[in-house]
Every structure is written in structure tokens, then in C-alpha cells.
Amino acid sequence: MQKKIVVLPGDGIGPEVIAEAIKVLDEVASLYGHQFEYEYDTVGGKALDEFGVPLREETLERCKQADAVLLGAVGGPKWDTLPGHLRPEMALLGLRKGLGLFANLRPVEVFGPVVETSTIKKEVVEGVDLLVVRELTGGLYFGKKERSTSAEGLDQAIDELIYNEHEVERIAKVAFEAARVRRKKVTSIDKANVLESGRLWREVVTKVHQQYQDVELEHMLVDNAAMQLIRNPKQFDVLVTENMFGDILSDEASMLAGSIGLMPSASLSDEAGKGMYEPVHGSAPDIAGQGKANPLATILSAAMLLRYSFGLQEEATLIEDAVKSVLDAGVRTGDLATSGESITGTEQMGEYIVQELRKSKVTQ
Ligand code: NAD
């Protein structure tokens, strides 16, 4: 198989974790005889420094032409005081909108060997295996933003929250389809008791459910969902929710797995196979450049890329199994280590995964 991947390392730990994911993709390519061509480009803070914008038109165009996009992370304190439209994070919104990436998939699987690193009790998190499906191109983050002065002369801000039925319908379908090949349960999360957009959300999801009678549907208010995720996360299979709730709940859910450094994501469009893959974490400026970052979230994102964009199920599973084996063997980056455990650096972790891939392919 011959494929072109646009690689956007970004800022902070982005380039460090991307380097390890590329090592892993290269190894998979050589083990299975695929050819992955990488086209590197600059986004986020680095693009602001070099080109004065977080995302160039030509970068977006390159991404549209590619078979898939792999992104590290963007942002950092250096750019924190810039006006809203010039923040590095605008690159993410521009990519999502420009590529039509309306569905964000964030799996949360609690890997047995690192269950101790979660701050939540072992019996609560052990065996958790859920998928957050987040709507990614609507809602508050994309609504009109305004600053003005109130009648009393006070500074005020307005963020507009709009959803239409098509946007809800297509994300609901993604959730029901995903549930069909999992444990066949969808929990739809909204704030229908307060928000009109929440009431539309609930109506449309209920209507779409008529086509998926083999899947169980439950509705849950977002405040309850935030609580249930910590109280009894094993009740969930697929959670589907709007943009901002999904942003917050998926970060909360990531703590079930012990570290955000283990959390991959896929953002998919209507166009078959097109997607962008990135770790859930940010640019972690506090540890950037120190070789301490956990590259597993990005490596697992690369596995999702192979599965969802290229249909390479076996290769994706080989990577996911390699991650489990390496964790089973007790290898830990700093974010996963409990006291007394020795700590492995970013590059070394990538190397362990590559070695594990070679070993398991040979024994297949
Ligand atoms: P963050 O995810 O970067 O870091 C939160 C904490 O988790 C930090 O203590 C960090 O050291 C740790 N951490 C994150 N990833 C890790 C990894 N792979 N290995 C080990 N530890 C890891 O979130 P933040 O500190 O709120 O944000 C930092 C910057 O990243 C900000 O500019 C923010 O806007 C940006 N950000 C970008 C994205 C993205 O690019 N998708 C997502 C979230 C935040």
C-alpha cells in the first residue's frame, strides 16, 4: 500500500512524540511492505513565528490532498497573550473546519498494568473500555464571538451556540455505528433541561435511534455524566455529545486511564477514509525538550490512522498489542511511574515499541 501522510509536529512536546510515532509507522511499513510518504508542515505557534498565522492556506490544502494527517500538539506560554484569532489553537479549529472533521473519536481503555497510576480506585477503573464520540465542528467553539459594552458600561462577551439537525444526525450515526461493533450501548449526553440546543440534540438522537434498534440508547444530562464517569465508568460503552461537553468529558475520562499521555484520538469527515489523528494531550510546555513525554498517545493515534484511514486492521492491532506488551513488561514514562519504578524516556519508549513490533510480527 502506498499512502501520503501530512505530518504536523507543532509545538512543545509535539515534535518529540511525533518522532516516535513515525518510527513506529516506518517499522510497520517495513514489516508489511507498505510505503508511507511523509510531508512535514508547520502549524501552531511555530507557524505564527515563521509565517504570522497559525495555519497557512497551503498547509490546509496539503492536508486536503493527503490520505491522512498526523498531528502532535500546538500552543505554549509564548503565544498565550496573542489575540484570539492569532492563538496557536486556531490551527486546530481551522483544520477541523477546513477538512470537515465533524467526528472526534476518543477511546479510553484502562490498560491492566497501569491501573495503579489512576487516581481513582482500582476496582472502579479496572476493565473500563469506552469511546467518547464528540461533535467537533459546531456549537460554542465555532459560534460567533463578540465583545461589547453593556448598557451599564460593563465589558461583556457573547459566544453563540448553534446546532442544526443535520449536524446532530450525522454524529449520532457515527456513535450508533461504533456501538454496533462494540457492546451496543450509546449514552447521549446533553443539557436538555436548560438549553434549547440540548432539546434539539435529544430529539434528533432519538429519531436516529429508530434506525439502530439493535443498539440501546440512554440520555444523560451532562452534569450527571461528569459524576457517573468517576462513580461508575464501566456502565458506559459509547458516549456521544456536543463539542464543548465532549472536550471536557473526554479529558475527565482520560484520567480513568491513569494519564493523558495514553489517550489517542481520531477526527473523521464525511469523506471515506479522510481523517486527522492526534494525541488528546496538549503541548505540555512544562516537560517540553526534556525527553520526558510519553509518546504512547501519539503512537496509538498512528494505530487509529492505520485502522480508520487505511483500513489496515492487522497493523493497527499489532501496534496496540505492542503497547500493551511493553506496559505489561513494566516499562514506564514519568507520567505512568509509581514511586520506586524506574523511568523511561520518550525515545527509549518508542524504541521498546519498535522492538516489540518486530518480535511479535516474527512470532505471528
Ligand atoms: P497539556 O495536555 O499540554 O498538559 C497537561 C499536563 O499533562 C501537564 O502536566 C503535562 O506535562 C502533562 N502531559 C501532557 N501530555 C503528556 C505526555 N505525552 N507525557 C507526559 N505528560 C504529559 O495541557 P495544558 O498544560 O493545559 O496546555 C498546554 C498547551 O497545550 C496550551 O497552550 C494549550 O492551549 C495547548 N493544548 C493543545 C492541544 C492540542 O494541540 N490538541 C490540546 C490541549 C491543550
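Predicted model: local features only at pLDDT ≥ 70, side-chain atom pairs only at ≥ 80, totals over all residues.
Helix 1 covers residues 14-32 and helix 10 covers residues 296-308. Their axes lie 8 Å apart, and the two helices pack at an angle of about 45 degrees. Angles under 35 degrees count as roughly parallel and those from 65 to 115 as roughly perpendicular, so this pair falls into the oblique class. As for handedness, helix 1 and helix 10 make a right-handed crossing.

**More helix pairs**

Two packed helices are described by the angle between their axes and the distance between the axes. With that in mind, here are the pairs side by side.

| Helix pair | Angle | Axis distance |
|---|---|---|
| Helix 1 and helix 10 | about 45 degrees | 8 Å |
| Helix 10 and helix 11 | about 160 degrees | 7 Å |
| Helix 6 and helix 7 | roughly 50 degrees | within 9 Å |

Helix 10 also packs against helix 11, which spans residues 313-328. The crossing of helix 10 and helix 11 is left-handed.

Helix 6 and helix 7 are oblique to each other, and helix 6 passes helix 7 in a right-handed crossing.

**Around the ligand**

Now let us turn to the ligand. Around it are 21 residues, of which Glu89, Gly282, Ala284, Asp286 and Asn294 come nearest. By class, this shell has 10 nonpolar, seven polar and four charged residues.

Which backbone atoms approach an oxygen atom of the ligand? For Gly282, a backbone N or O atom lies 2.7 Å from a ligand oxygen. Ser283 likewise places a backbone N or O atom 3.1 Å from an oxygen atom of the ligand. In Ala284, a polar backbone atom is 2.8 Å from a ligand oxygen. How much of the ligand does the protein cover? On its own, the ligand has 800 Å² of accessible area, and the protein covers 67% of that.

Key: Residues numbered from 1 in each chain as written. Heavy atoms only, no water. Near = heavy atom within 4 Å. Polar contact = N/O pair within 3.5 Å; in protein donor to acceptor, adjacent residues only side chain to side chain. Areas by Shrake-Rupley, 256 points an atom, 1.4 Å probe, with all protein chains shown as cover. Nonpolar A, V, L, I, M, F, W, Y, C, P; charged D, E, K, R; others polar. Axes fitted to C-alpha atoms, helices over the stretch in contact; angles between N-to-C directions. Helix = DSSP H or I, 4+ residues; strand = E, 2+ residues; numbered from the N terminus. Left-handed = near helix turned anticlockwise from the far one by under 90°. Parallel < 35°, antiparallel > 145°, perpendicular 65-115°, else oblique.
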